[in-house]
Structures are given as structure tokens and as C-alpha cells.
Amino acid sequence: MVRDAHRGQDPAQFVTNILYLPLAFAKSNGLVNRRCKMILRDEKRRSWSVLLAPMGHHVAITKGWRLFRQANNVQIGDPYKFELIENGTIPISVFHWKQV
């Protein structure tokens, strides 16, 4: 079951080594000020351990994002949908792109 989702392709949210989550999305899911491990899944159901961390007035996926992006050939400007499917101690998310 999908808890919440965000669609986007704003290049300002997506840089080579970091994925910034929209603040409204982060707030509505209780992710603001959380610094924790997160499981990020791709469309093939493969999983990556990434770090969710506050960055100034933003929340971002930092450590592990670059490896996920490279393994899936995700490019800056690609449309995407970010789904938070579980928001426990270790949040679990699915990242969909290209065919969004």
C-alpha cells in the first residue's frame, strides 16, 4: 500500500549525489528533522540502503543516492514518482522514473 507519493522533475531537487525531497512531502510524512537509514527500491524490486537527512531547510536522500542513480541510469531532468510505502523506524520508498 502506498502511504504517500510525490511526482516531479524539478532539476533543483535532483543533483548528482543528492535527491532533495519537497518540503511539503517531507512534512506531511513526518520526515523533517529525521536522520535515519532508508530503504530505496527501484522498479525491479532491488533495494539500496540510503541515508535520509536534514540539509538546511530541506530533507534529502544523501549517502547511497549516487549508487542508486548510477545503477538505474537515472538522469537529471527525468520525471519521477517517489512513493513512501512504509514510514517506520527505517522508512521504505519506491522510486519510479521515465515511465511516470
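This is a predicted model: local features need pLDDT of at least 70, side-chain atom pairs count only at pLDDT 80 or more; totals for chains, interfaces and linings use all residues.

**Strand β7 and its neighbours**

Strand β6 (residues 80-86) and β7 are antiparallel partners, joined by six bridges. Strands count as paired if DSSP finds at least two bridges between them.

Numbering starts from 1 along each chain as its sequence is written, and side-chain values use heavy atoms, leaving out hydrogens and water.

Back to the strand. A five-residue hairpin links β6 to β7. Within the pair, Tyr-80 has Trp-97 of β7 as its bridge partner. β7 also pairs with β3, this time in parallel, over three bridges. There, Ile-39 sits opposite Ile-92 of β7.

How enclosed is β7? It spans residues 92-97, and five of its six residues are buried, so the rest of the structure largely encloses it. Buried means under 20% relative accessible area; exposed means over 50%, and partly exposed lies in between (1.4 Å probe, protein chains only). Across the 100 residues of the chain, 45% count as buried.

In α2 (residues 65-72), the buried residues are Trp-65, Phe-68, Arg-69 and Asn-72. They fall within an arc of 95 degrees seen down the axis, so they line one face of the helix. That arc is taken from the directions from the helix axis to the C-beta atoms. These buried residues pack against β7, and also against β2 (19-21), β3, β4 (47-55) and β5 (58-61).

Next, look at Arg-34. It lies in the loop between α1 (23-28) and β3 (36-41). Its contacts (heavy atoms within 4.5 Å) include Gly-88, Thr-89 and Pro-91. Arg-34 is buried but has no salt bridge; Glu-86, the nearest side chain of opposite charge, is 9.5 Å away. A salt bridge needs a Lys or Arg side-chain nitrogen within 4 Å of an Asp or Glu carboxyl oxygen. For charge, Lys and Arg are positive, Asp and Glu negative; His and the chain ends are not counted.

Finally, the whole chain. It has two helices and seven strands, in the order β-β-α-β-β-β-α-β-β.

How values were computed: Helices (H or I, at least four residues) and strands (E, at least two) are DSSP runs, numbered from the N terminus. Lists of a residue's contacts leave out its neighbours within four places in sequence.
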